[in-house]
Amino acid sequence: MSSAKPKPLAGDNLPLFTPNQRVELQGFSRQARPDGSSSTLAELLRRVEEAQVGDQTPSTPSSHVLQVTSLASSSISAPTAYPFVLSFKNLTYSVNVPGKLGLSSLLGREKSADGVGLPGRASTKVLLNDISAEAREGEIMAVLGASGSGKSTLIDALADRISKESLGGAITLNGEVLESRLLKVISAYVMQDDLLFPMLTVEETLMFSAEFRLPRSLSKSRKMARVQALIDQLGLRNAAGTVIGDEGHRGVSGGERRRVSIGIDIIHDPIILFLDEPTSGLDSTSAFMVVKVLQRIAQSGSIVVMSIHQPSYRIMTLLDRLIFLSHGNPVFNGTPANLPEFFTDFGHPIPENENRTEFALDLIRELEETPGGTKSMVEFNKSWVEKRQSSILQSRDVTWTGPKPSLKDAISASVSRGKLVSGGSGGDSSQVASVPTFANPFWMEMLVISKRTLTNSRRMPELFGIRFGAVMVTGIILATIFRHLDNSPKGVQERLGFFAFAMSTTFYTCAEAIPVFLQERYIFMRETAYNAYRRSSYVLAHSIISVPSLVILSLAFAAITFWPVGLAGGFSGFMFFFYAMVASFWAGSSFVTFLSGVVSHVMLGFTIVVAILAYFLLFSGFFISRDRIPPYWIWFHYLSLVKYPYEAVLQNEFDHPAKCFVHGVQMFDNTPLAAVPEALKLRLLTNMGDTLGMNLTGSTCVTTGVDILQSQGITDISKWNCLWITIAWGFFFRILFYFTLLLGSKNKRK
């Protein structure tokens, strides 16, 4: 089987950052680094930016393509200083699988060795079993195996996505234990699914990632130059202005989407890059281009560890180290060139014209179906690795001429050369000795999140338009049904019904916030898992940018209903009614946002929201007054979000001692005496007045607004306090939402 490299694809003129090549910018002299080491990706991108800034010739077209010159006979390809080696030894991980409570176990027929019945006994499933290997800077390590072999589990273990208490073994970088906090800063993890905002373009997606991951000390132009160079490196120049797309919007292809997913995680040039099946679902050409991009990333000074299901021959030529797994056990650990020798020694030589990986995976599958499984292959791999260990150590191309530096010094040296892109000049290692947890300050993260959210909202105006239309239609219906209410007893009841429906409508229209976060949930988890921004920044930014839309909805509803219905208070009454609507929308939006952080399914979220809001309305005081609620349910009355804005607008309407709502004979309107003649009603009033010692006439005020409030049990909290309590509920649920994200987005296996 020939080991020649495949021919390049047509049109594939992307630069390859190989050790025996160097980057040359048009119009610049070729210069090697003083220490003779290879350039990092950050340095290459920085040179592009400097070339763009320094080129003052109008006739020269702007180009972001890095020109590569092969140096076959050059001696510049010296090993990189302080090379990183990610080592893992004896990794073991198992989970408890609950036993099934079957009929036989219930009848006591399932017995243990000592004859004791074990109904529903849990069993232990081993997902990783004694796996040891190492991944080096400048190389791609690929984890192969059939579905369920443990590929993704191994990647998760290395990327610190498995709880330390559950994972056995040791993971070190340059011989030192790798702490979780440090790993988050120096690494990136590309998930199997492409989690991207569909309405952002490729360039915008990468630019927002640069705003998050690159420090504030880098200017806007330098960040843009970095993005443009990365677009060229990823082969996305023709798709830079195309939206990502989804099921309802046409966008980039699957291969381009996958490269964008990789790009957003390498914008800051991480030292370690983990990928979970980056070629899954792609055709052979797209898969090859993705792995070729990963090869460039590795050769620019990073460690690349990826899982892959069944690579083609061309992809195999790009891989440096392989680990084959079978049910969590390592059955091969070596280089692609070692495969023929390994299987020959194992007694199953690879046929000359056979694809090596296909043969290996087919043989592993056949052994898994035998009674002994792959146990013999696992044992042979251990002995084979031990025999070759000394030769592997001797064949390393990196040797130390001095004392081995500490991990902190190695990272500092790497950062000073441009890795983990910093805003410094790159020469002062004291400034980079301590890598910050987050690249940007709190307020900067809020600005970028707000800008991205507004961009998405602007591209999908129908979302706000539908909500605005629902509020407008509801307001028009209420304004026409309750048009010009009078100050009669019937008018009082109609006012109470209007306020109850208006307040409940504001909460129900907030239910649209449920799918908003659910669609962003996994994007949020991916970005915060590796410290792109703080969770508090996300919560505050989304809270602030939601306020303008809530103000618009409140103003529209208040303007449509207040004067046509004939509510009291004039302009000051209108302004308070408007404030109450804003507070209601704010509290409802915050409550629904909190629930979206708790539930994980849209339909489940809608069901819970509708049910809880119905309970809030039931206990608000409209259907049954506070004084009539049983003592064992009174606590729910005070927890009802509808109670406080409802009582606030009622007080705004009826808290006028001089305003009368029932005059004289109107007291009989809601009684059987309403049908008697007017003269008889006046005689009844006169007789009642004589009995009570009062002068009751047809114009005597019987019931004022204060009396109505007392009959509704609204006497304990003022209208302004009701308003502030409603606003406070909104802040309370936003805080709960933050803690939900803090505790529920760890993204780690137990």
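**Close-ups of a predicted model**

**View 1. Helix α11 and its buried residues.** In α11, the buried residues are R356, T357, F359, A360, L361, L363, I364, L367 and E368. This close-up, like the others, comes from a predicted model. Helix α11 covers residues 356-368, and its length checks out: 13 residues at 1.5 Å each should span 18 Å, and the end C-alpha atoms do sit 18 Å apart. An α-helix makes a turn every 3.6 residues, so residues three or four places apart point the same way.

**View 2. S149, tucked into a loop.** Look for S149 in the loop that runs between β5 (140-144) and α3 (151-158). Is S149 buried or exposed? With a relative accessible area of 2%, S149 counts as buried, because the cut-off is under 20%. A polar atom of the S149 side chain lies 2.7 Å from the backbone oxygen of A146. Leaving aside residues up to four places away in sequence, S149 touches L127, L144, L325, S326, H327 and G328.

**View 3. The largest nonpolar core, and another one.** Which of this core's 119 residues touch the most other members? Those are L86, F88, L154, I272, F274 and F577.

**View 4. Zooming in on L86.** Skipping residues up to four places away in sequence, L86 touches A133, E134, A135, I171, T172, L173, L178, I272, F274, I303 and V305.

Terms used. Residues numbered from 1 in each chain as written. Predicted model: local features only at pLDDT ≥ 70, side-chain atom pairs only at ≥ 80, totals over all residues. Heavy atoms only, no water. Helix = DSSP H or I, 4+ residues; strand = E, 2+ residues; numbered from the N terminus. Buried < 20%, exposed > 50% of the residue type's maximum accessible area, 1.4 Å probe, protein only. Polar contact = N/O pair within 3.5 Å; in protein donor to acceptor, adjacent residues only side chain to side chain. Contact = heavy atoms within 4.5 Å. Expected span 1.5 Å × (residues − 1). Core = buried A, V, L, I, M, F, W, Y, C linked by side-chain atoms within 4.5 Å.
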